[in-house]
Amino acid sequence: MADPMRIRAQAAGDKATVRVLMSHEMETGQRKDAAGKTIPAWFIQEVTATHNGKPVLSAQWGPSVSKNPFMQFAVKGAKAGDKIAVTWKDNKGDSRTDEATVS
């Protein structure tokens, strides 16, 4: 996975809107390959976000989330220059973290 995430955070008033596009294949474990063998499940299980190092979001996902998922959320009290970090961990133990500055 060469491009794990794209994060954009834009301030408006007393909150920031954060948009995250995660690059992940997200297999359910129910599809079969050309040979008829089941493709093993591989999906993001846990997503967390922090605002200047303080947790603001925690989510538990399952195999029904689409390939390359998009997530959007708002952070109250965020202003331009603040840091937003997003981390995900999949069911195979792989994890990615990326950070954006609120604009």
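Tutor: Happy to, and we can go from the overall layout down to single residues. One thing to keep in mind is that this is a predicted model.

Student: Okay, how many helices and strands does the protein chain have?

Tutor: The protein chain has zero helices and seven strands. Along the sequence the pattern reads β-β-β-β-β-β-β.

Student: And what box do the C-alpha atoms fill?

Tutor: Roughly 55 × 20 × 20 Å, taken along the principal axes.

Student: Which strands go together in the open sheet with three strands?

Tutor: That open sheet has the order β1-β2-β5, with antiparallel pairing. β1 and β5 are the edge strands with a single partner strand each, so one side of each has no neighbour in the sheet. From one strand to the next, the twist averages 15 degrees.

Student: What about the open sheet with four strands, what's the order there?

Tutor: There the order is β4-β3-β6-β7, and the pairing is antiparallel. At the edges stand β4 (54-60) and β7 (95-101), each with a single partner strand, so one side of each is left without a neighbour in the sheet. Ignoring direction, neighbouring strands of this sheet are turned by 15 degrees against each other on average.

Student: What actually holds strands of a sheet together?

Tutor: Strands in a sheet pair through backbone hydrogen bonds, in a parallel or an antiparallel way.

Student: Let's zoom in on β1 and β2. How many bridges join them?

Tutor: Eight bridges join β1 (residues 5-12) to β2 (residues 15-22), and these strands run antiparallel. You can trace the pairing by residue: Met5 has Met22 as its bridge partner, and Ala12 has Lys15. The hairpin has two residues between the strands, and Gly13 takes a positive phi near 70 degrees there.

Student: Which residue has a positive phi in the turn between β6 and β7?

Tutor: That one is Gly93, with a positive phi of about 90 degrees, in a hairpin with four residues between the strands. β6 and β7 are joined by seven bridges and run antiparallel. Lys89 stands opposite Ser95 in β7.

Student: And how many bridges do β3 and β4 have?

Tutor: Six, again in the antiparallel sense.

Student: Switching topic: which residues touch the most other members in the largest nonpolar core?

Tutor: Those are Val18, Val20, Met22, Val47, Trp61 and Val86, in a core of 23 residues. The elements giving two or more residues to this core are β1, β2, β3 (44-51), β5 (70-76) and β6 (83-90). β2 gives the most, with four residues.

Student: What does Val20 touch, if I skip residues up to four places away in sequence?

Tutor: Val20 touches Met5, Arg6, Ile7, Pro69, Phe70, Met71, Phe73 and Val86.

Student: How much of the protein chain is buried overall?

Tutor: Buried residues make up 32% of its 103 residues. The accessible surface comes to about 6200 Å², and 48% of that belongs to carbon and sulfur atoms.

Student: Last one: where does Asp33 lie, and what does its side chain reach?

Tutor: Asp33 lies in the loop between β2 and β3. Its side chain reaches the backbone nitrogen of Ala35 at 3.0 Å.

Student: Why does Asp33 count as partly exposed?

Tutor: Because its relative accessibility is 36%, and partly exposed covers the range between under 20% for buried and over 50% for exposed.

Key:
Residues are numbered from 1 along each chain as its sequence is written. This is a predicted model: local features need pLDDT of at least 70, side-chain atom pairs count only at pLDDT 80 or more; totals for chains, interfaces and linings use all residues. Side-chain values use heavy atoms; hydrogens and water are left out. Two strands pair if DSSP finds at least two bridges between them. A nonpolar core is a set of buried Ala, Val, Leu, Ile, Met, Phe, Trp, Tyr and Cys residues joined through side-chain atoms within 4.5 Å. Buried means under 20% relative accessible area, exposed over 50%, partly exposed in between (1.4 Å probe, protein chains only). Contact means heavy atoms within 4.5 Å. Axes are lines fitted to C-alpha atoms, for helices over the stretch in contact, and angles run from 0 to 180 degrees between N-to-C directions. A polar contact is a pair of N or O atoms within 3.5 Å; within protein, one must be able to donate a hydrogen and the other to accept it, and residues adjacent in sequence count only if both atoms are side-chain atoms. Accessible areas come from the Shrake-Rupley method with a 1.4 Å probe; for residues, only the protein chains shown count as cover.
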